[in-house]
Amino acid sequence: RQTHRTAPCALVVEDDPDIALALQDLLEFEGFHVQCASTCRQAFASIARKSFAVVLLDLGLPDGDGTSILDKLHISHPSLPVIVLTASNRDLG
């Protein structure tokens with residue numbers, strides 16, 4: 001008999017719908033509940049409403065630089081794992 005546990009939640013911040021869907025499918029297959037955001041504004045709203053086990057973060061978003069989300073998360077949720085996704089080859093420091 002299986003015990004019911006609440007699945008961990010993942011936030012995918014990605015503006016490319018194909019990539020977001022692929023990440024969502026993969027994470028759901030691994031047992032996560034997944035919420036997607038395609039802009040910085042949506043990501044900030046999601047983070048304010050819900051707690052997440054992990055964030056997958058694209059840096060190139062239509063309404064700003066994903067590093068602003070990363071900076072805010074380092075302050076507000078310092079132990080939250082963030083996986084940075086980017087097609088850019090710039091140095092993140």
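A crossing of two helices is called left-handed if the near helix is turned anticlockwise from the far one by less than a right angle, and right-handed if clockwise. In this predicted model, local features need pLDDT of at least 70 and side-chain atom pairs count only at pLDDT 80 or more, while totals for chains, interfaces and linings use all residues. Residues are numbered from 1 along each chain as its sequence is written, and side-chain values use heavy atoms, with hydrogens and water left out.

Helices (DSSP runs of H or I, at least four residues) and strands (runs of E, at least two) are numbered from the N terminus. The axes of helix α2 (residues 40-49) and helix α3 (residues 67-76), which are lines fitted to C-alpha atoms over the stretch in contact, come within 10 Å and cross at roughly 20 degrees, on a scale from 0 to 180 degrees between N-to-C directions. Because angles under 35 degrees count as roughly parallel, α2 and α3 are roughly parallel to each other, and their crossing is right-handed. Contact, meaning heavy atoms within 4.5 Å, is made by Cys40, Ala43, Phe44 and Ile47 of α2 and by Ser68, Ile69, Lys72 and Leu73 of α3.

Turning to the strands, which pair if DSSP finds at least two bridges between them, an open sheet of four has the order β2-β1-β3-β6 with parallel pairing. β2 and β6 (82-85) stand at the edges, each with a single partner strand, so one side of each lacks a neighbour in the sheet. Five bridges join β1 (residues 9-13) and β2 (residues 33-37) in the parallel sense, with leucine 11 standing opposite glutamine 35.

Note on methods. Angles under 35 degrees count as roughly parallel, over 145 as roughly antiparallel, 65 to 115 as roughly perpendicular and the rest as oblique.
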